[in-house]
Amino acid sequence: MARRFWWLAALIGISGCLMQNLSPETRMRDSVIELNEGARWGRMDVASGHVAVPFRTQYKLSHMRWGRDIQIADTEILGMNPHTDEEGEGAFSRVAVRWYDQNTMVLANTVIRQTWQKHKQTFLLTNESIESGHPGLLVIPEGQQQTQPAAEPEEYESFEDDSQWSSVY
């Protein structure tokens, strides 16, 4: 009898953990943390895996200076809303970033609003904008700005197309 009780308790415990990991809040939290921690530590291969394909080029350009001209001191997730509409849009997060401009060594604060879209069992970043603070964090370098609308990027299943970013940082 005691043996059955332990098996039942273990089964309930395991199923409870699995059910908790399936919630939209948990999936979005995991995506927000992985993207922002990856970007903070220069792991653009990890971070870009959480970015929607149409926004990926813009994301890489706006974060190109991170790790070179910009040193991230700290990031903090201020809040998130995982609720979406029928198309999976409408989720957002707010992230505070404290960073140094390597040229001036001045500490700056910026709050970024990130827009997310639910995609299968996860969330992908579809837009980033400065909500408050110093606007220089997401500035695209002059020589890198796109002069014409970008062609629709190809979708890859692996990170092989991002290999150039993992070695830059």
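A: Let's start with Lys120, which counts as exposed at 69% relative accessibility. Here buried means under 20% relative accessible area, exposed means over 50%, and partly exposed is in between, with a 1.4 Å probe and protein chains only. This is a predicted model, in which local features need pLDDT of at least 70 and side-chain atom pairs count only at pLDDT 80 or more, while totals for chains, interfaces and linings use all residues. Residues are numbered from 1 along each chain as its sequence is written, and side-chain values use heavy atoms, leaving out hydrogens and water.

Lys120 sits in the loop between E3 and strand E4 (122-133). Helices (H or I, at least four residues) and strands (E, at least two) are DSSP runs, numbered from the N terminus. The phi of Lys120 is near 55°, a positive value in a residue other than glycine. Met105 also has a positive phi, of about 55°, although it is not a glycine. That residue belongs to the loop between E2 and strand E3 (106-119) and counts as exposed at 51% relative accessibility. Another loop, between strand E1 (70-81) and strand E2 (89-101), holds Glu87, which is exposed with a relative accessible area of 53%.

Now for the strands that these loops join. Arg94 forms a salt bridge with Glu131, their closest N and O atoms being 2.6 Å apart; the term means a side-chain nitrogen of Lys or Arg within 4 Å of a carboxyl oxygen of Asp or Glu. Because Arg94 is in strand E2 and Glu131 in strand E4, the pair ties together parts that are 37 residues apart in sequence. Arg94 is partly exposed at 28%, and Glu131 is partly exposed at 36%.

Asp74 is partly exposed at 28% relative accessibility, as is Arg98 at 24%. Salt bridges link Arg40, Asp74, Glu76 and Arg98 in a network.

Helix H2 also carries Ser31, which is buried at 2% relative accessibility. Leaving aside residues up to four places away in sequence, Ser31 touches His50, Trp116, Thr122 and Phe123, where contact means heavy atoms within 4.5 Å.

Then there is helix H4 (residues 53-62): seven of its ten residues are buried, so the helix is largely enclosed by the rest of the structure. Among the buried residues of H4 are Val53, Phe55, Tyr59 and Leu61.

Stepping back, the protein has five helices and four strands, running α-α-α-α-β-β-β-β-α from the N terminus on. Of its 169 residues, 34% count as buried. Among contacts between residues at least 6 apart in sequence, 57% join residues at least 24 apart.
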